[in-house]
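The following note collects comments on the structure shown below.

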Amino acid sequence: MLKLGIIGCGGIANGKHLPALKKIQEVEMVAFCDIIAERAEKAAREYGTKDARVYTDYQEMLAKEKLNVVHVLTPNISHAPISIAAMEAGCDVMCEKPMAKTYEMAKQMLEARDRTGRKLTIGYQNRFRQDSLFLKRACENGDLGEIYYAKAHALRRRAVPTWGVFLDEEAQGGGPLIDIGTHALDLTLWCMDNYKVKSVKGVVYKKLGDQTETGNAWGDWDPEKFTVEDSAFGFIIMENGATIVLESSWAINMLDTIEAATTLAGTKAGADMRDGLRMNSVQYGKQVVTKPDLSAGGVAFYDGASAAPEDLEARQWIDAVLNDKEPLVKPEQALVVTQILEAIYESARTGKTIEF
């Protein structure tokens with residue numbers, strides 16, 4: 001039985017981690033920490049053991065509790081210091097995406113992993129979708145051939161998160177690029193199995209953040225608090241010559257929106273996620289598009305729905321801890337994602353191509 005502590009009891013904790021962990025019999029959530037005590041108390045009541053303790057200081061929690069695993073579910077700026085402290089306290093750590101606010105902070109997390117011998121993983125749950133897992137197997141099997149061009153999609157027309165610190169550049173490090181662009185880039189790099197970057201060129205826009213009567217999905221944002229970009233784009237060249245175009249937005253005047261998705265072009269075939277997972281190739285001299293049936297059904301009254309990605313993510317992570325296996329999301333991979341995101345921001349700021 002693993003004793004698990006939660007640091008950060010906000011939206012991502014309640015929307016993803018806590019419900020998923022509650023389903024795992026080998027886990028006891030015994031400690032909850034949040035700077036807002038009421039949030040930690042509510043989470044403890046709903047998901048904790050009968051004697052679960054509540055804290056507002058994560059250092060106090062780590063000092064007083066004998067924990068096996070800690071989930072770090074806080075704003076980006078605190079991912080690194082909390083994760084490092086938890087590993088130094090002898091805990092294996094699941095940290096929400098992105099790995100850290102900056103590449104340097106992410107490197108410190110990886111160094112702490114190596115120094116302490118603890119396990120570290122990052123919350124990229126989109127890898128655990130059925131379409132993602134199918135596409136990854138196809139790539140590993142060589143079905144696409146050499147993947148030399150890709151697009152990482154994270155485009156929302158009007159879905160700016162107006163709660164928490166999402167609009168605060170100091171706390172988060174950026175806007176849609178670091179928030180949802182990180183998912184699309186992780187998925188793309190993982191499918192390509194290519195983490196060797198040569199150069200990055202980026203542009204960042206804040207064209208709509210000052211507007212009012214926005215039509216936003218979660219209500220109008222406050223222009224005075226909107227301190228991050230509303231869209232950002234990157235052009236990434238890998239050492240082997242492959243190219244990735246990354247597109248991200250919370251607000252953009254486009255109908256062709258798609259999020260947490262990838263498009264891949266290989267020498268044998270291609271794939272995209274625009275209408276379910278679609279694979280395109282040429283067979284017998286004809287252009288062919290195939291769509292795998294990713295349901296597990298087969299009878300009229302049962303659709304065979306697979307487990308939710310967040311449930312698969314939690315299960316795989318806990319299995320890795322219990323059985324001393326490597327987690328699916330390796331911190332070395334997440335480090336490259338953060339490095340590229342930071343390079344896009346730096347390129348946009350300086351107007352220069354960032355060479356690796």
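1. The lining of the second largest pocket divides by class into five charged, four nonpolar and three polar residues. This is a predicted model, and the totals for linings use all residues. The space in the second largest pocket amounts to about 220 Å³.

2. The residues that line the second largest pocket come from several parts of the sequence. Ala100, Lys101 and Thr102 are among them, as are Glu169, Gly173 and Ile178. The lining also includes Thr338, Leu341, Glu342, Tyr345, Glu346 and Arg349. Helix α10, which covers residues 331-350, makes the greatest contribution to this lining, with six residues.

3. The largest pocket has a volume of about 1,100 Å³. Its lining comprises 41 residues, and those nearest the centre of the pocket are Gly11, Ile12, Leu73, Thr74 and Phe166. Two or more lining residues are supplied by each of α1 (11-22), α4 (79-88), α8 (176-192) and β11 (258-266). Among these elements, α8 gives the most, with four residues.

4. In the second largest pocket, the corresponding division is four nonpolar, three polar and five charged.

5. How many cavities of 30 Å³ or more does the structure hold? There is one cavity that reaches this cut-off, and the volume of the largest cavity is about 40 Å³.

6. The largest cavity is lined by Met94, Thr121, Ile122, Phe128, Glu313, Gln316, Trp317, Pro327, Leu328 and Val329. The elements that give two or more residues to this lining are β6 and α9 (309-322). The largest share, three residues, comes from α9. By class, seven of the lining residues are nonpolar, two are polar and one is charged.

7. Strand β6 also has a place in the sheet architecture. Six strands form an open sheet with parallel pairing, in the order β3-β2-β1-β4-β5-β6. The edges are β3 (53-55) and β6 (120-123), each of which pairs on one side only. On average, neighbouring strands of the sheet are turned by 25° against each other, direction ignored.

8. Helix α2 (residues 37-47) lies across both β2 and β3, and its direction is at about 165° to β2.

9. As to the overall fold, the protein has ten helices and 15 strands. The radius of gyration is 21 Å, close to the 21 Å that the globule rule gives for 356 residues, so the protein is as compact as a globular protein of that length. The C-alpha trace spans about 65 × 50 × 45 Å along the principal axes of the protein.

10. Helix α10 gives the most to the lining of the second largest pocket, α8 gives the most to that of the largest pocket, and α9 provides the largest share of the lining of the largest cavity.

Conventions. Residues are numbered from 1 along each chain as its sequence is written. This is a predicted model: local features need pLDDT of at least 70, side-chain atom pairs count only at pLDDT 80 or more; totals for chains, interfaces and linings use all residues. Side-chain values use heavy atoms; hydrogens and water are left out. Two strands pair if DSSP finds at least two bridges between them. Axes are lines fitted to C-alpha atoms, for helices over the stretch in contact, and angles run from 0 to 180 degrees between N-to-C directions. Contact means heavy atoms within 4.5 Å. On a 1 Å grid over the protein atoms alone, a cavity is a set of points where a 1.4 Å probe fits but cannot get out, and a pocket is an open set with protein on both sides within 12 Å along at least five of seven lines; lining residues have an atom within 4 Å of a point. Grid points are joined across faces, edges and corners, and a volume is the space filled by probe spheres set on the points. Ala, Val, Leu, Ile, Met, Phe, Trp, Tyr, Cys and Pro count as nonpolar, Asp, Glu, Lys and Arg as charged, and the others, Gly among them, as polar. The radius of gyration is taken over C-alpha atoms; the globule rule is 2.2 Å times the number of residues to the power 0.38.
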